[in-house]
Amino acid sequence: MGNGKETEVKQIREVTVRFAGDSGDGMQLTGTQFSDTTASVGNDLSTLPDYPAEIRAPAGTLYGVSGFQLHFSSNDIFTPGDKPDVLVAMNPAALKKNLPDLKPGAMIIVNTDSFDKKNLALAGFESNPLEDGTLSGFEVYDVPITTLTFNALEDVDLSTKDKARSKNFFALGLMYWLFERPLDTTLNWLREKFKNKPELIEANEKALRAGYNFGDITERFTTRYKIEPAKLPAGTYRNISGNEATAWGFIAASVRSGLPLFLGSYPITPASEILQFLSKYKNFNVRTFQAEDEIAGITSAIGAAFAGNLAITTTSGPGLALKTEAIGLAVMTELPLVIVDVQRGGPSTGLPTKTEQADLLQALYGRNGEAPVGVVAAATPSDCFHMAIEASRLALEFMTPVILLSDGYLANGSEPWKIPHVDELPEIKVKFLTEPEGFKPYARDENLVRPWVKPGTPNMEHRIGGLEKANITGNVSYDPENHHQMVTIRAQKVKNMQKVIPDLEVDGDKEGDLLVLGWGSTYGAIKEGVERARRKGYKVSQAHLKYLNPFPKNTGEVLSKFKRILLPEVNMGQLAKVLKSEFLHHGIIQFNLVRGLPFRSTEIEEKIIELLGGGNNGQ
Amino acid sequence: MANNIEVGEIKYTPKDFASDQDVRWCPGCGDYAILAQVQRTFPKIPGIKRENIVWVSGIGCSSRFPYYMNTYGFHSIHGRAPAIATGIKLTRPDLQVWVATGDGDLLSIGGNHFIHACRKNVDIKIMLFNNRIYALTKGQYSPTSERGKITKTTPYGSVDYPFNAISLALGANATFVARSIDRDAKHLQAMILRAAQHKGTAFLEIYQNCNIFNDGAFRLLTDKETKEDHVLYLEHGKPMIFGKNKDKGIALNGLEPIVIDLNDGKHSIDDVLVHDENDDSLIRAFILSHLTDHPDFPTPVGVFRQLFQPTYDESVNQQVKEVTEKLGKGDLEKMLFSGNTWTVSDN
């Protein structure tokens, strides 16, 4: 940009960047902006926000550090990256916390203004790491980000405190320069976001441009990096997070079924966003109800289902526990209902902002009595859209509750998504019975599904409830034989979903020594790990279960074709337990890491190599 | 409401509201009387259509109620009826939604749903069958059992302070708060009709005798000999007088309620408090609700308070309508492709 400085442009295939700072430093926003801009220039990407449960933990502390990791590439990618190549550390605590994760020789950009005595002490540094050699071996850029931001905002009419809040935009601008990104996505966002606060638009824009120009002008940075757009299939794309995709999936299911959408929900991390998103879309005939508690969230949805809506409730693990009894009611009354569990670290309050897959058994079995429900799980952030539609389709067409499992990683993570056209989405067939002649509330069709009759339909007044029903008539029944029959029917009805769900597909050879099997958000790490192992010559196949109850009908057959099945789960082996009891496969190898974090693809890769015999003998 | 009656509307009889199920409460239970009065009153609700009525209940003896009404019905789980009713009413404002519940169901396990339905003014009608005992589980004390009560779980007497249901509903800002008694057929019918016609959360507490586990809990209010001296009929715009000879009245001494004798030569009817259901201030309604704390005072029945405010369901649906008018009916295809998108071409 005309300053006469020699700048080399290096072409690279992929890079992993992590932004880290105090939870009040705006790192999530910075990360999201960088992601949106990166998506818009056509890179494939995957993100992983990592923030503390405390909204504003004391400034400068280690536990107050908030991070946002982003992996982007000119190739297909499936994970937010294992170890960052670049760290932006806004304070000593952010440096301290993230240093162990970095790749050797990684680039570190630090805000030197925050490296004062107090912050160093808070982070537990005995001496200044910028001076004592701690960072030798890394490519360190010390930038007085706060001072430079103040300088840039000299003419802006804002308090010192408010000016300091723009420093994340300075860092963002610098990163845009470093990776040759355009500013307009962020500038457009700023203009929309602060349309009533022109002084904030001005301040943040000035900081952003100052950061960009700093990269351009300062002698320190001599290399810029270029990542070509990824060769993705043709189509129109957007960047989408799991929670956003889930919310949109339900709107799509509402449109495709012709039913109004009702969400009864109680705020809980990391699921609240779905309630927030859906409350915006009232013009899609969406009604959201922020209930007094988790139980009212689901029971209001059950009322709405009875009344003829596509009814859903959203929550996380602790909330699912509270909803347990009501799910049983929906099983008994055979009403369609979708329950979304955005899983987080447990038990109890656990790790509210971290990811985990440990609610699988709760979803499958966590109710009193024999109470089977459909269970499906999304594999990637954008897959949440499709699985929300699938969960709705199964619930509505089989008149039963269906649990959709997402998790904190999918919910907050994002990826480019090839936007489908509405007419490509599955149609959901719903019929309300209005013919009183011969009507029996618990009569069954060929799939054992009972009819749905909306209150307000003349001459079809009937009563349902949580007491056991006589088959066909739906009257209260304590008859022992009838109870056994109804238990069997409810289970068979859920099993009948197998008729309408897709088979389990295998990526790679359909038989062999090793299959890596996953469910839910491990998809990306497994895919990447498998591909890396394959590049090294190992023969390994992959399959991913998105339908967990019932399993696709070919599941047993697929598994039987492999001698060993590696099953990575972010729990202590919950799917492994179910598969072992259902399919009697003796070669299931559990791989369990429960750290509140997703698997790293290298961990999967190393495990595959270990199993297939150390050296390059995989053939 | 009367002008809503359409010509040619269906004329129902009480029998039309009786389902084909055998009623299975204990012989002599007060629930029979309540069911009878509901079935007698419903045909009188202006413009009523049977298919538009939904009864929702929780768990307990009273919660079997929906099975016996030939309307739509939902016998749900313990305490949750107000929340289920809320989901129905929010999405189907065309339905008239009733809740049948008991003192354990509504005030103990379902307490949270109750206060929040009241607070939001959801247009549902809640009939509380208050018998001051857990009857379906065979005789444990309830949140409305009096202190000192001996039950299966309080063999040495209950040390709990009971809830005053009327006071609780008033405190939660219910817009219609009333009380009646199972054995007072005429009054109960009048209260059911009033509740039916109220727009917003209507709370009707019905003192109901459990002749098995808490027989005679309301004897003073129902026995011929005693009832006139112990029941105060609240009537809008009328002085609060009671007693066999209609010679006692309720007056206020500052904020202290007192019983005055109209024959003592010192007091006249002009000293008696005149009931105002629509009083904006809660103070008098609270004072009335707490008359039951003192054995010297009569128990008020009737409408304590009625306010006319937009209902929750109305407001929710109004907002849906307004947003739709402002933004236009949602277009899914447009939504999916809105905002930051980019296109990858074939080559």
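1. Chain B has 11 helices and 12 strands. Helices (H or I, at least four residues) and strands (E, at least two) are DSSP runs, numbered from the N terminus. This is a predicted model: local features need pLDDT of at least 70, side-chain atom pairs count only at pLDDT 80 or more, and totals for chains, interfaces and linings use all residues. Residues are numbered from 1 along each chain as its sequence is written, chains are lettered from A and ligands numbered from 1 in the order in which they are written, and side-chain values use heavy atoms, with hydrogens and water left out.

2. Overall figures for chain B come next. The C-alpha trace of chain B spans about 100 × 50 × 45 Å along its principal axes. Of the 347 residues in chain B, 54% are buried. Buried means under 20% relative accessible area, exposed over 50%, and partly exposed in between (1.4 Å probe, protein chains only). The accessible surface of chain B is about 15600 Å², and carbon and sulfur atoms hold 52% of that. These areas come from the Shrake-Rupley method with a 1.4 Å probe; for residues, only the protein chains shown count as cover.

3. Contact means heavy atoms within 4.5 Å. Take the contacts in chain B between residues at least 6 apart in sequence: 67% of them join residues at least 24 apart.

4. Helix 2 of chain B covers residues 81-91. It is largely enclosed by the rest of the structure, because 11 of its 11 residues are buried. Among them are B:Ile84, B:Ile88, B:Lys89 and B:Leu90.

5. Chain B also holds an open sheet of three strands, in the order 8-9-10, with antiparallel pairing. Its edge strands are strand 8 (241-242) and strand 10 (256-261), each pairing on one side only. Two strands pair if DSSP finds at least two bridges between them. Strand 8 and strand 9 (residues 248-253) of chain B are joined by two bridges. B:Phe242 has B:Lys248 as its bridge partner in strand 9.

6. Now chain A. Which residues cover the two faces of strand 20 of chain A? A:Ser541, A:Ala543 and A:Leu545 lie on one side, A:Gln542 and A:His544 on the other, and all are buried. Five of the five residues of strand 20 are buried, so this strand is largely enclosed by the rest of the structure.

7. Strand 18 (residues 506-507) of chain A is antiparallel to strand 20, with two bridges. A:Asp507 is bridged to A:Gln542. Strand 19 (residues 512-519) of chain A pairs with strand 20 in the parallel sense over five bridges. A:Leu517 is bridged to A:Ala543. From strand 19 the chain crosses through helix 17 (residues 523-535) to strand 20, in a right-handed β-α-β crossover. Right-handed means that, with the strands pointing away from the viewer, the path from the first strand over the helix to the second runs clockwise.

8. A:Phe19 lies in strand 2 (residues 14-22) of chain A. Its relative accessibility is 0%, so A:Phe19 counts as buried.

9. Check the backbone at two sites. A cis peptide bond joins A:Gly346 and A:Pro347, with omega about 0 degrees. A:Met399 is not a glycine, yet has a positive phi of about 45 degrees. A:Met399 counts as buried, because its relative accessibility is 3%.
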